[in-house]
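Here's a quick briefing to read alongside the model. Have the sequence and the 3D view open as you go.

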Amino acid sequence: MWGGKKVEAEAPVSAEPAQQSPDIKMFANGLPLDVGEIPDGLANITAQGCNACHFQAHDDWAISGHAHAGQSEVFREAIARAAGSTACTQCHLPLKVQHAQLAAGFIDGDLARPHLKPNPAFNATLMAEGVGCAACHIRDGQVVSTRAVTGAPHPVSKSTELGKSEVCATCHQLSYPDADKPFYDTFGEWSATPHAAAGIQCQDCHMPPRAELATASRFVASPDHRFEANLARALTVLVEMPTNQIQRGTPMSVEVRLQNTGAGHHVPTGSPYKKLKIEVQLRDANDKVISNTGTSVLGRTVTATPPYTTESDNRINAGGEHEINTEFLVSHKTSAGPISLVVQATQGQETPVVLTSIPLELN
């Protein structure tokens, strides 16, 4: 009943794929993009709107780096170092309506010196969402998926690109003119790996299917929208030492080798401002550090101004390794008993990730 009147249930409307675009091209006109008309059946193109039915995908996305791409401290620091270049903001805020000002050209062709004009279509709500649903799933009145769908409450069309690494390259590959290396080269790094040769796409590792509620009424295997990058899966840690018995007051050498066995790109990858600190520690039974024996910082260093020429690069390429040679020396004052050798990785202000923990005995 509705308003005192009986309402008959209508037959579901078949939402046929757009005939004029059987296989939608995702970023044919570059970034930032205009996604066009709002698809029939949608009130708006915000992630909040998608949340009503696709709540699992929304909640996963909400804790991802994509959701905070335009607001995170890491991004703000990087954009300050890159002089506010629109080459950065067009990926972290990929929709035209997310920008209060748009580049109408570049002074002397310099990407770091855009000529900006006010954007009358600016949308503050979408700006706050970073890389939201619309960036990958709305094009010209269609909801885009890796397959065409009928019977949905809105039109759904197919894009083959959406399931391939090439779509990720739109933002995860960036070159400045006259640079010795791309500023972002994640796609390029992947292209040179056995992963690419075997047809393993970015989505296979960063969006693996998992059983969940794809919509309020469908429980299926859907791509994970958390876009996880798990260092513990990417790196294998090999530790070589003469014994598991550590003598207080006696130095002992240890060799730690980090092998990139899981990532189809360098570790770390992406922005040259991203560094990965590796620490080799001895910890007691209460997890207190009793000896911080070795620290190594992995990353790429570039010049302060365009074209951002490489000054150093010790990242671990796919299939490669990084070696840390260090030495233990534990004070006689430390209590004997079980201890652990811990190798952990820290990126920026994020919580350290324990890559391995090996039980030892302190005598």
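What follows is a short tour, from the overall picture down to single residues.

This is a predicted model, so keep the ground rules in mind: local features need pLDDT of at least 70, side-chain atom pairs count only at pLDDT 80 or more, and totals for chains, interfaces and linings use all residues. Residues are numbered from 1 along each chain as its sequence is written, and side-chain values use heavy atoms, with hydrogens and water left out.

**Overall picture**

- The protein has 11 helices and 19 strands, where helices (H or I, at least four residues) and strands (E, at least two) are DSSP runs numbered from the N terminus.
- Its C-alpha trace spans about 85 × 60 × 40 Å along the principal axes.
- Of the 363 residues, 40% are buried; buried means under 20% relative accessible area, exposed over 50%, and partly exposed in between (1.4 Å probe, protein chains only).
- Take the contacts with a separation of 6 or more: 61% of them are between residues 24 or more positions apart, with contact meaning heavy atoms within 4.5 Å.
- The accessible surface comes to about 19500 Å², and 53% of that belongs to carbon and sulfur atoms; areas come from the Shrake-Rupley method with a 1.4 Å probe, and for residues only the protein chains shown count as cover.

**Charges and the surface**

- There are 27 positive and 37 negative charges, and their mean positions are 2 Å apart.
- For that count, Lys and Arg are positive and Asp and Glu negative, while His and the chain ends are not counted; each charge is placed at NZ of Lys, CZ of Arg, CG of Asp or CD of Glu.
- D34, E37, D40 and D140 form a negative surface patch. Patches are made of residues with over 30% relative accessible area and no salt bridge, joining like charges within 9 Å and nonpolar side chains (Val, Leu, Ile, Met, Phe, Trp, Tyr) within 5 Å.

**Salt bridges**

- The count comes to 11 salt bridges, each being a side-chain nitrogen of Lys or Arg within 4 Å of a carboxyl oxygen of Asp or Glu.
- R257 is one to look at: E240 meets it in a salt bridge at 3.2 Å, N to O. That pair links distant parts of the chain, with E240 in strand β10 (residues 235-240) and R257 in strand β12, 17 residues apart.
- E255 and R257 also meet in a salt bridge, at 3.6 Å, and so do E321 and R257, at 3.4 Å. E321 lies in strand β17 (residues 321-328) and R257 in strand β12, so this pair ties together parts that are 64 residues apart in sequence.
- R257 counts as buried at 18% relative accessibility, whereas E240 is partly exposed at 40% and E321 is partly exposed at 41%.
- Elsewhere, D60, R210, E212, D224 and R226 are linked in a salt-bridge network.

**Buried spots**

- In helix α7 (residues 165-172), S165, V167 and A169 are buried, and what covers the buried residues of α7 includes β6 (173-174), α8 (186-191) and α10 (202-206).
- I246, in strand β11 (residues 245-246), is buried with a relative accessible area of 1%. Leaving out residues up to four places away in sequence, I246 touches several residues, among them M252, F328 and L360.
- T293 lies in strand β14 and is buried at 14%. With residues up to four places away in sequence left out, T293 touches V280, Q281, T326, E327 and F328.

- Most residues other than glycine have a negative phi, and most peptide bonds are trans.
- V267 and P268 are joined by a cis peptide bond, omega about -5°, and P268 is in the loop between β12 (252-260) and β13 (276-283).
- The P306 to P307 bond is cis too, with omega near 10°; P307 lies in the loop between β15 (300-302) and β16 (310-313).
- F227 is not a glycine, yet has a positive phi of about 50°. F227 lies in the loop between β9 (218-223) and α11 (231-234) and is partly exposed at 24%.
- D287 has a positive phi of about 70°, sits in the loop between β13 and β14 (289-298), and is partly exposed at 49%.
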